Amino acid sequence: MSPVRFLTGITTSGTPHLGNYVGSIRPAVRASLTPGVESFYFLADYHALIKVDDPARIQRSTLEIAASWLAAGLNPEHVTFYRQSDVPEIPELTWFLTCVTGKGILNRAHAYKASVDKNAAAGLDPDADVTAGLFMYPVLMGADILMFNAHKVPVGRDQIQHIEMARDMASSFNHRYGEHFVPPQAVIEEAVATLPGLDGRKMSKSYDNTIPLFAPREQLKKLISGIVTDSRAPGEPKDTEGSALFQIYQAFATEAETQALRQAYAQGIAWADAKHMLLERIDQEIAPMRASYQSLMDKPSRIEDALLAGAEKARRIATPFMSRLRQAVGLRSLGQMPQEKSAKQSKSAVASFKQYREPDGKFYFKLVDSQGAILIQSLGFDSPKDAGQAVALLKLEGVEALNRLAAQVEDISLEKRELIASELAGMQST
Ligand code: TRP
């Protein structure tokens with residue numbers, strides 16, 4: 001059985017934080033170690049251009065994200081780890097998919113619709129400040145996925161609609177040009193879908209409530225001390241429900257450790273002590289990776305080399321697949337035009353004899369024209385040789401032979417006899 005293909009992209013628009021680690025990096029690295037799984041991870045830098053117009057930030061983010069994934073244990077020997085913009089087949093496929101995607105479908109994409117609704121609420125033109133890039137975001141993402149015919153796409157809930165759109169694109173394309181794409185499926189990490197940030201809302205750059213994944217220990221400590229809690233004093237029992245601190249701890253701890261903290265909450269642990277436990281627990285997991293992150297960040301050219309090698313690996317799939325797709329849609333070399341048939345050739349191609357055996361054990365032949373319509377249908381012969389002789393006779397003598405074969409073929413109208421005469425004459429003359 002061929003392996004299941006997982007693929008996911010990470011937009012290079014910021015610095016990885018703990019939420020990214022728990023929600024995406026850690027599960028992906030674990031999944032990549034599963035036997036029978038083939039993984040593709042890429043830096044979605046074309047997508048980043050839709051949101052970020054600061055070139056230095058795009059470059060910096062690309063480096064930080066790549067270093068984070070490698071430090072977290074992604075092994076580029078076992079997976080295909082590449083940068084989207086190193087695979088020129090992806091924008092090419094984007095155009096192919098653009099041409100089979102209904103504009104109406106893109107109108108309904110959540111991200112685009114949110115911008116339009118916001119503009120409407122502000123009394124602005126619906127498309128004010130909306131780039132065509134934002135509008136086309138789902139198509140580029142569809143190309144990312146379909147380029148490698150990924151079966152499973154691990155994403156956050158907010159991306160499910162994009163995967164559905166990619167399925168639509170796959171089937172529209174297949175419908176027009178034959179079976180080229182497999183429909184992908186979204187995979188949602190239910191357990192750790194979202195990590196709360198410092199203020200208790202989802203950890204996200206847009207809320208400015210993140211903890212950078214590889215913040216130095218001192219900074220980590222400072223940030224953790226800023227996690228919102230309630231005002232209960234030491235000794236007062238505390239609620240785990242709705243406690244951001246507890247949820248973050250849980251994302252790093254074992255069952256037993258989580259249980260122990262739950263008990264400590266009930267027994268009135270001081271917030272300062274709980275925060276100290278959280279710091280230690282996170283640091284225990286992150287500190288070893290932090291060291292390798294630093295050494296990777298110090299040598300960007302090593303990461304560059306790894307990414308270029310990854311792109312080469314990716315293109316071993318993308319380049320031949322793209323040429324197959326170019327063929328399929330008709331972007332073809334003119335050196336391979338299908339030959340126009342000469343009059344004589346086309347005539348000879350018009351009709352043909354077929355010999356076959358039926359479940360009744362008897363042997364049959366038929367004469368079919370180029371459209372597959374039956375001109376002569378034989379009855380059953382006891383041996384293939386008898387059927388073959390009848391065919392030979394028709395080929396040799398033409399329509400006249402039908403008189404002798406009358407008992408061995410189904411009735412033939414006069415009209416049809418004329419057709420058969422000309423077909424058989426054509427066959428004889430070649
Ligand atoms: N849109 C995704 C996000 O914001 C990133 C992404 C780009 C992606 N292309 C992809 C994810 C292809 C999965 C597959 O999270």
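Predicted model: local features only at pLDDT ≥ 70, side-chain atom pairs only at ≥ 80, totals over all residues.
**A buried helix and a ligand site**

The buried set in H10 consists of Ala244, Leu245, Phe246, Ile248, Tyr249, Ala251 and Phe252. Because seven of the nine residues of this helix, which spans residues 244–252, are buried, H10 is largely enclosed by the rest of the structure; buried here refers to a relative accessible area under 20%.

We turn next to the ligand. It is surrounded by 14 residues, and the closest of these are Gly9, Tyr137, Met141, Asp144 and Gln159.

For Tyr137, a polar side-chain atom is found 2.6 Å from a ligand nitrogen, while for Asp144 the corresponding distance from a polar side-chain atom to a nitrogen atom of the ligand is 2.7 Å. In the case of Gln159, an N or O atom of the side chain lies 2.9 Å from a nitrogen atom of the ligand. On its own the ligand has 360 Å² of accessible area, and the protein covers 88% of that area. Strand E1 (4–11), strand E2 (37–44) and helix H7 (132–146) are the elements that each contribute two or more residues to the shell around the ligand.

Methods
Residues numbered from 1 in each chain as written. Heavy atoms only, no water. Near = heavy atom within 4 Å. Polar contact = N/O pair within 3.5 Å; in protein donor to acceptor, adjacent residues only side chain to side chain. Areas by Shrake-Rupley, 256 points an atom, 1.4 Å probe, with all protein chains shown as cover. Helix = DSSP H or I, 4+ residues; strand = E, 2+ residues; numbered from the N terminus. Buried < 20%, exposed > 50% of the residue type's maximum accessible area, 1.4 Å probe, protein only.
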